[in-house]
Amino acid sequence: MDAIDDAILRELTTDARLPFRELGVRVGLSANAAAARVRRMQDDGTIRGFTVVTSQRPFRGGPGRAGAAAPADPGRAGAAAPVGQRGGGEPGADGGPAAGGGHGWAALEVFIEVRLAPETTNDDFTAALTRPPGFPQVLDAVHVTGSYDYLLHATVADPPALDQLVRRLKRDAGAAQTFTRLALRGAAG
């Protein structure tokens with residue numbers, strides 16, 4: 001990593017769909033050189049995936065699902081995603097944002113505090129989040145101080161999908177205890 005790589009990451013964090021040509025102009029490289037650096041950072045794990053963050057809209061199911069993440073356009077650069085590449089699969093797979101069968105629920109944005117089981121290591125937990133099929137509902141996972149080990153930010157379709165996510169975290173990822181908070185509204189802006 002050098003100053004140019006840092007500049008590339010700053011630009012991509014601001015605009016994940018920035019074309020390589022424009023990225024190169026902003027950091028003083030050609031489009032090909034910018035693309036090569038982004039690919040190298042993907043290969044070495046500095047950039048672990050691509051994500052799209054959408055505004056919350058009433059749930060209607062289908063491809064325009066609220067809070068869903070989609071793979072980045074391969075012809076464009078992408079921003080680093082903290083947990084792993086999101087997207088792909090069928091709408092609603094694994095209890096994701098389009099699951100719920102048209103109950104009319106708005107997509108739920110949730111924050112889940114996770115206390116790991118004594119036999120579960122941090123590496124075990126983070127590997128479970130990214131290993132296929134993974135947890136596509138989880139947008140971010142942060143290791144935190146305090147009585148819980150991780151804070152997860154996730155989007156689910158409805159309360160049954162949230163229940164399914166929490167049960168899977170306990171069954172497949174080594175969570176011993178969870179505490180969930182629902183986001184009532186986003187910050188004004």
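This is a predicted model: local features need pLDDT of at least 70, side-chain atom pairs count only at pLDDT 80 or more; totals for chains, interfaces and linings use all residues.
Residues are numbered from 1 along each chain as its sequence is written. Local features need pLDDT of at least 70, side-chain atom pairs count only at pLDDT 80 or more, totals for chains, interfaces and linings use all residues, and side-chain values use heavy atoms, without hydrogens and water.

I start with the cores. A nonpolar core is a set of buried Ala, Val, Leu, Ile, Met, Phe, Trp, Tyr and Cys residues joined through side-chain atoms within 4.5 Å; buried means under 20% relative accessible area, with a 1.4 Å probe and protein chains only. The largest has 23 residues, and Ile112, Val114, Phe125, Leu152, Leu165 and Leu169 touch the most other members. A second, separate core of 13 residues includes Leu9, Phe20, Leu23 and Ala34.

Next, the strands, which are DSSP runs of E, at least two residues long. Strands pair if DSSP finds at least two bridges between them. S1 and S3 run antiparallel, joined by seven bridges, and Ile112 stands opposite Leu152 in S3. S2 also pairs with S3 in the antiparallel sense, over five bridges. Of the seven residues of S3, five are buried.

Last, the helices, which are DSSP runs of H or I, at least four residues long. The axes of H1 (residues 3-14) and H3 (residues 31-43) come within 11 Å and cross at roughly 90 degrees. Axes are lines fitted to C-alpha atoms, over the stretch in contact, and angles run from 0 to 180 degrees between N-to-C directions. The two helices are therefore roughly perpendicular, a term for 65 to 115 degrees.

Definitions and conventions: Angles under 35 degrees count as roughly parallel, over 145 as roughly antiparallel, 65 to 115 as roughly perpendicular and the rest as oblique. Buried means under 20% relative accessible area, exposed over 50%, partly exposed in between (1.4 Å probe, protein chains only).
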